[in-house]
Amino acid sequence: MDKGELTQFPAAAGVYAVYSPDGRCQYIGLSRKATVSIASHLQELRDLTHAVRYEVVENPSREDLTAKWQEWVQAAVAENGEVPPGNAKGNTTWAIRRAMAKPEIKLTPGKGLQDLTCSIEDLLDQVVKSNKVVAFVKGTRTQPQCGFSHKVLSILNEIRTPYEVVNVLDETYNPGLREAIKAYSQWPTIPQLYIDGEFVGGADILEEMHTNGELRKMLST
Amino acid sequence: MALRATTLSLQKVLFSGSFAGPLVIRGMATAADVEKALKERLKASEVTVIDTSGGCGASFDVAVISEAFEGKRLLERHRLINNALAEEMKQIHALSIRQCWTPEQQKKAQGT
């Protein structure tokens, strides 16, 4: 299986099973977006990710997804006499992606503004200029709190580029950042993406750049 | 009798003083407001505004055709739109710019 075949999978929620070249089911997972999860497995466990079977679950709640996942696991047990090795208790092989998720950058020690020796704007500038790719979003890498922030993070995950995240809603560690970032970029909305110290755009611009290949090209230079 | 007296006293306190002028209530921006602003400030030949507002407040998708975009990169075009809506953005929860083309780009797209 190669990355080109990922386009066959829907960007939808559902349950999937991963098979190794010998046809053995290695792992059964659930995902809100198939392409992201399977791309991650393909990236990190290429030798085991030979084929994937997927079933879409329309508009699922967490309970719906879990129920469908359990159904698939039970079917695998009935067929093979055991759970897929990747789902065995204590086996974290297929959870590598979660374990490797980077923490968000925090601009301050979390004691408010009064003890800072430089402004939040200076700290912001340092972060932008010292990291190749930085996304300022509402929420965290794994729990974005608005659709536009989710869109940007999904694009970056799909491209599989390393990037940093700063949560503008975290008033404990990033006090005043939500407004400071707007003044810094002269851009009125969040999320905002910076590459090589330059503001690239918000969700709509990134979506268009991703669609036409410009974003991937920019990140590869 | 005591309860009545208390009520009257509160009423008197609540209504003391006066308003300096008419009460102005700021509402949400409308699709018509957004369309008008873009047409006037960008000299846009075409503007399409779709109201996608939900529980969070005013929300719009916009598409704009204007000569003002000639020679400008995507980011600059978006900035032009944001600047044209600077006042309206104070009342807008979310804005998606779906298209920002020159008339020439539109012609090419329609011709394909």
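How much area is buried between chain B and chain A, and what share of it do carbon and sulfur atoms give? In this predicted model, local features need pLDDT of at least 70 and side-chain atom pairs count only at pLDDT 80 or more, while totals for chains, interfaces and linings use all residues. Residues are numbered from 1 along each chain as its sequence is written, chains are lettered from A and ligands numbered from 1 in the order in which they are written, and side-chain values use heavy atoms, with hydrogens and water left out.

The buried area comes to about 1,000 Å², with 58% from carbon and sulfur atoms; buried area here is the accessible area (1.4 Å probe) that two parts lose on being put together, summed over both. Leu74(B), Leu75(B) and Arg79(B) supply 43% of what chain B buries against chain A, more than any other three residues. In terms of contact (heavy atoms within 4.5 Å), 11 residues of chain B touch 15 residues of chain A.

Now for the helices, which are DSSP runs of H or I with at least four residues, numbered from the N terminus. The axes of H7 (residues 203-211) of chain A and H3 (residues 74-84) of chain B come within 10 Å and cross at roughly 150°. Axes are lines fitted to C-alpha atoms over the stretch in contact, with angles from 0 to 180 degrees between N-to-C directions. H7(A) is therefore roughly antiparallel to H3(B), a label for angles over 145 degrees. Asp204(A), Ile205(A), Glu208(A) and Met209(A) meet Leu74(B), Leu75(B) and His78(B) in this contact.

Key: Helix = DSSP H or I, 4+ residues; strand = E, 2+ residues; numbered from the N terminus. Parallel < 35°, antiparallel > 145°, perpendicular 65-115°, else oblique.
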